[in-house]
Amino acid sequence: MGNYDIIVVGAGPGGSIAAKIAADKGYSVCLLEKEDLGKDGRYKACGGAMAWELIEKIKFPEDKIDRVVEKLILHHIDGEIYSKQGKGAVIWRNKFDKFLTDMATTSGAELKQNEELIDIKKVKSDYKISASKSNYSAKYVIAADGVNSPTLRKLKWKKFNKEDLILTITQEMELDKKSIDERLGNDEIHLFFGIKDFIPMGYAWLFPKKDAITVGWGNQIGKIKHSKREFTKFLNIPLVKQSIKNAKLIRYTPHLIPMGVRSILYNDNVFAVGDAGGLVDPISGKGIPYAMMSAEIAIQTIKYCEKKGKEEKMGEMYNKKLDRSFLSILKQKREFRNKIFQNDEKLKSFLELWQTHRSSEIILKNLL
Ligand SMILES: Cc1cc2nc3c(=O)[nH]c(=O)nc-3n(C[C@H](O)[C@H](O)[C@H](O)COP(=O)(O)OP(=O)(O)OC[C@H]3O[C@@H](n4cnc5c(N)ncnc54)[C@H](O)[C@@H]3O)c2cc1C
């Protein structure tokens, strides 16, 4: 039995950052990951787009970036095209997540890979975790194990509502860089919208990497009966068809994105971070920065409450700090999402505004 102060379940961006910061603050910490990360990390279905500020903040090496992006092109299926300027990067998640996990182990966190959490129970003041190869115990648990969070399922936390889940389909298409640049530009990523057609509550995307295009489609569960058929319709839009002509399909992966925050994010020394807590932007689907921020806030909360002797205030403190940082606006965005996707006219008005305003600004200034 390995005994630790903190066990972090899941070595995605949330888990790795939680483990790194906990180790930096002097806690003994164990990071459990069910997959084999090997030398190069493991594949995860994701657009892999992020703001340049995040790349700079974590000093992510430029040679690991697949594409530097300057522009977001927003296509409406009726033919309108909008564009949004802003520097960003497109990365493969195996490289990005592995970089963060290496930061955690360098700081002193113990990584146990190929180690899947099977069960978790509270015995007296500690959590006992049975994993595929060994058993562990700790006072605190950080559930950073993604949208399906086996940790929170075993602890019987309430599940996400169906309308708070987006089903995505991702296809990785291999293609030479020259063809990608000619077809999609060398510094642009493309989003596609259209309520009345095949994306009633979500969007689709073409995110070029160095020598592949990530083709994706995501829609609120229950809004569509045959997702695969709708995804195929997207592949047949002339621009999409032309962009992936002669490209080789290397992967096809369905995955969920949570679009609504869990009803609780803390209970009895267990913290939900990242996708496990539903901490994703409900308009853009961006989740990586929120996973990392919530992880940092969870560890800061533990440290602060222990230092001040206010351990009974941990849940309240975690929620308050999250609210101040980003949670309050994420919740407003969840409501606002229903407004944007009312009809195509509303959607187009939103896209028009989104060219020059952040979505938070559109909400807070009531611009739509
Ligand atoms: C198709 C798609 C496209 C996306 N595109 C973007 C994008 O372009 N930009 C962006 O910012 N966000 C994007 N997101 C969202 C982003 O991927 C997530 O928000 C982010 O990965 C959340 O990080 P996390 O650390 O909370 O969870 P995850 O990254 O899901 O990590 C969870 C980890 O837990 C591990 N795990 C699960 N169960 C167990 C277990 N029982 N025991 C041990 N380990 C376990 C998993 O193997 C995994 O490594 C996208 C998501 C999808 C599905």
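Helices (H or I, at least four residues) and strands (E, at least two) are DSSP runs, numbered from the N terminus. The model is predicted: local features need pLDDT of at least 70, side-chain atom pairs count only at pLDDT 80 or more, and totals for chains, interfaces and linings use all residues. Residues are numbered from 1 along each chain as its sequence is written, and side-chain values use heavy atoms, with hydrogens and water left out.

**Exercise 1.** Determine where Arg42 is placed and whether Arg42 counts as buried or exposed.

*Solution.* Step 1: Arg42 lies in the loop between β2 (29-32) and β3 (49-51). Step 2: buried means under 20% relative accessible area, exposed over 50%, and partly exposed in between (1.4 Å probe, protein chains only). Step 3: Arg42 counts as buried because its relative accessibility is 10%. Step 4: leaving aside neighbours within four places in sequence, the residues in contact with Arg42 include Glu33, Glu35, Asp36, Arg93 and Asp97; contact means heavy atoms within 4.5 Å.

**Exercise 2.** State the C-alpha separation of Glu188 and Val69, and describe the setting of Glu188.

*Solution.* Step 1: Glu188 is in strand β11 (residues 188-194). Step 2: with 17% relative accessibility, Glu188 counts as buried. Step 3: apart from neighbours within four places in sequence, Glu188 is in contact with Val69, Lys71, Ile73 and Pro208. Step 4: Glu188 and Val69 are 119 residues apart along the chain, and their C-alpha atoms are separated by 5.5 Å. Step 5: for Arg42 and Ile199, 157 residues apart along the chain, the C-alpha separation is 29 Å.

**Exercise 3.** Identify the residues of the positive surface patch and the element that gives the largest share.

*Solution.* Step 1: the patch gathers Lys25, Lys303, Lys307, Lys308, Lys310, Lys320 and Arg324. Step 2: the elements giving two or more residues to this positive patch are α8 (288-308) and α9 (314-340). Step 3: α8 provides the largest share, three residues. Step 4: Arg324 lies in helix α9 and is exposed, with a relative accessible area of 66%. Step 5: patches are made of residues with over 30% relative accessible area and no salt bridge, like charges being joined within 9 Å and nonpolar side chains (Val, Leu, Ile, Met, Phe, Trp, Tyr) within 5 Å.

Notes:
Accessible areas come from the Shrake-Rupley method with a 1.4 Å probe; for residues, only the protein chains shown count as cover. A salt bridge is a side-chain nitrogen of Lys or Arg within 4 Å of a carboxyl oxygen of Asp or Glu. Lys and Arg count as positive and Asp and Glu as negative; His and the chain ends are not counted. The place of a charge is taken as NZ of Lys, CZ of Arg, CG of Asp or CD of Glu.
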